[in-house]
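Subject: Structure handover

Hi,

Here is the structure I promised to pass on. Please open it alongside this note. My findings follow below.

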Amino acid sequence: MTSTYQASEDTYQGLPAITLRGDRYEAVVLPGVGANLIAFRDTVNGSRFLREPAPEEMDAFLAKPGVHGMPVLFPPNRYEDGKFRWNNAVYEFPVNEEARGNHLHGFLHTIPWEVEEFGATAASSYVSLVQRVDAQHAVYRYFPHAFTFRLRYTLSADGLMQHVSIRNNGSEAMPCLLGFHTAINAPFEPGSTESDCTFTLTTGQRYEMTERMLPTGAFQPLNAGEEAMKAGGISPWFEEMDNHYTAVPQNGHNRMVLTDGRTGTKLIYDAGTAYKYWMVWNNQAAGQFFCPEPQINLVNAPNVDLPAEETGLVRLAPGEIWEETSRLYVVRAQ
């Protein structure tokens with residue numbers, strides 16, 4: 001077991017990386033690919049908690065970096081016709097989901113981030129990455145607001161903590177919309193199989209979606225599998241899921257718990273209660289991984305005719321900061 005905490009410049013399958021090490025864990029961040037937290041591992045037990053690209057998948061990962069690791073979605077999910085309505089103006093994003101005519105997942109998960117600092121203390125290792133968007137930034141042409149987005153990961157004996165901070169540097173209010181397309185391995189334990197895995201998620205109601213995967217504003221009844229997902233646990237592949245839910249914290253936590261029934265180990269993804277919605281995507285129930293995706297806003301939120309309290313559309317005034325912490329950690333059977 002590594003007792004000394006370290007943070008170092010490194011490479012990951014040929015890409016520049018920052019690696020955090022300490023206690024029994026290590027984590028890897030790719031600054032040049034959207035600040036993606038591409039790996040979180042238990043080096044003692046051999047567990048790999050996030051889906052990582054295999055060497056032969058690297059070209060596909062770089063072309064579409066949204067289904068490995070923990071990509072930053074800003075804004076998250078889909079926007080009708082690639083249009084974004086805000087304060088009586090219409091912003092136009094590229095339609096990059098052509099079959100449905102939507103813009104999908106924003107820009108920050110595909111572009112390089114600046115490494116602001118990295119280092120270690122006696123009890124943790126950390127890295128801070130930042131996007132400083134102004135009129136000269138490539139994102140500004142689509143999202144005309146000056147802001148600083150800071151993403152910090154801290155590794156300790158308690159697992160991996162993520163801290164997000166978004167500051168409006170402009171003179172007008174900006175919409176703050178955020179999510180993470182977190183790809184969880186199931187199984188994550190060496191020697192376990194998919195049939196060993198069950199999960200729970202702090203969901204409430206499921207939104208009705210159109211054929212373009214945009215919410216109508218109405219809810220649909222939950223089936224028996226979705227009720228088991230809320231309490232008791234069920235396989236991540238009990239059916240195909242590309243579903244959007246309200247988040248309903250339980251006992252103060254807004255989280256996904258993935259349990260390995262063979263070992264009794266639990267992987268807990270505690271997303272923080274500022275994330276008001278979950279998207280759950282399981283890749284056509286194909287196995288191996290699934291994505292519990294926390295979002296602060298409803299899909300297509302600026303274009304949905306509902307109050308901001310229901311869409312999660314955060315209005316960030318000049319100088320204001322939005323922030324939240326999330327954590328990935330492990331509870332092993334005694």
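Over how many bridges do β18 and strand β22 pair, and in which sense? They pair in the antiparallel sense, over five bridges. Strand β22 covers residues 255-260. Threonine 198 has threonine 259 in β22 as its bridge partner. Two strands count as paired if DSSP finds at least two bridges between them.

First, the ground rules. This is a predicted model, with residues numbered from 1 along each chain as its sequence is written; side-chain values use heavy atoms, leaving out hydrogens and water. Local features need pLDDT of at least 70 and side-chain atom pairs count only at pLDDT 80 or more, while totals for chains, interfaces and linings use all residues.

**The sheet**
That pair belongs to an open sheet of eight strands. The order is β11-β12-β13-β14-β27-β23-β22-β18, with antiparallel pairing. β11 (114-120) and β18 (197-201) are the edge strands, and each pairs on one side only. From one strand to the next, the twist averages 10°. Axes here are lines fitted to C-alpha atoms, for helices over the stretch in contact, with angles from 0 to 180 degrees between N-to-C directions.

**The whole chain**
The protein chain has three helices and 27 strands. Both are DSSP runs numbered from the N terminus: helices are H or I with at least four residues, strands E with at least two. Buried residues make up 55% of the 334. Buried means under 20% relative accessible area, exposed over 50%, partly exposed in between (1.4 Å probe, protein chains only).

**The cores**
The largest nonpolar core has 79 residues. A nonpolar core is a set of buried Ala, Val, Leu, Ile, Met, Phe, Trp, Tyr and Cys residues joined through side-chain atoms within 4.5 Å. Among the members that touch the most others are Phe149, Tyr153 and Leu258. Strand β13 (residues 147-156) gives the largest share, five residues. A second, separate core has 10 residues, including Leu15 and Phe61.

**Arginine 24**
Arginine 24 sits in the loop between β2 (15-23) and β3 (25-30). Its relative accessible area is 19%, so arginine 24 counts as buried. Its side chain makes a polar contact of 2.7 Å with that of aspartate 42. A polar contact is a pair of N or O atoms within 3.5 Å; within protein, one must be able to donate a hydrogen and the other to accept it, and residues adjacent in sequence count only if both atoms are side-chain atoms.

Best wishes
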